[in-house]
Amino acid sequence: MKFLLLSVMLAGQPLYDTEATCTKAATVINDSYPEQTSICIPAPTVYFEQNQEDKAFNNFYDLIIKLRNFPPKEVDILEE
């Protein structure tokens, strides 16, 4: 099981392999910023499914950008 670190002090939500590692990171943040609270929660399976969908979309988008940057072929040039 993986664990998400939830904290308003971070731009993203880091994913940790163990609860102990996640709790250690949360403790460091909580000690450094006592006015904020960081917690660890088990990562939901939806989190992983969404990441896979995002990766597939991003890969497709990158492919389109690369294809658009290729110079036109001779057969693609219209004769006037």
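Visitor: How many bridges join strand β1 to strand β2, and what makes them a pair?

Guide: This is a predicted model, in which local features need pLDDT of at least 70 and side-chain atom pairs count only at pLDDT 80 or more, while totals for chains, interfaces and linings use all residues. Residues are numbered from 1 along each chain as its sequence is written, and side-chain values use heavy atoms, with hydrogens and water left out. Two strands pair if DSSP finds at least two bridges between them; two bridges join β1 (residues 3–6) to β2 (residues 15–16), so the pair qualifies, and the strands run antiparallel. Phe3 stands opposite Tyr16 in β2, and the bridge partner of Leu4 in β2 is Leu15.

Visitor: What is the order of the strands in the sheet, and why are β2 and β3 said to stand at the edges?

Guide: The open sheet of three strands has the order β2-β1-β3, with antiparallel pairing. β2 and β3 each have a single partner strand, so one side of each is left without a neighbour in the sheet. Four bridges join β1 to β3, and among the residues involved, Leu5 has Cys40 in β3 as its bridge partner.

Visitor: Why is Cys22 called buried, whereas Cys40 is called partly exposed?

Guide: Buried means under 20% relative accessible area, exposed over 50%, and partly exposed in between (1.4 Å probe, protein chains only). Cys22 has 0% and is therefore buried, whereas Cys40, at 23%, counts as partly exposed. Buried residues make up 12% of the 80 residues in the protein chain.

Visitor: What makes the meeting of Lys2 and Asp17 a salt bridge?

Guide: A salt bridge is a side-chain nitrogen of Lys or Arg within 4 Å of a carboxyl oxygen of Asp or Glu; the N to O distance between Lys2 and Asp17 is 2.4 Å, so the term applies. Lys2 lies in the segment before β1 and Asp17 in the loop between β2 and α1, so the pair ties together parts that are 15 residues apart in sequence. Lys2, at 32% relative accessibility, is partly exposed, while Asp17, at 54%, is exposed.

Visitor: Which residues form the nonpolar patch on the surface?

Guide: Phe60, Leu63, Ile64, Leu67 and Phe70 form the patch, with about 500 Å² of accessible area together (Shrake-Rupley method with a 1.4 Å probe; for residues, only the protein chains shown count as cover). Patches are made of residues with over 30% relative accessible area and no salt bridge, like charges being joined within 9 Å and nonpolar side chains (Val, Leu, Ile, Met, Phe, Trp, Tyr) within 5 Å. Phe70, in the segment after α2 (45–68), has a relative accessible area of 56% and is therefore exposed.
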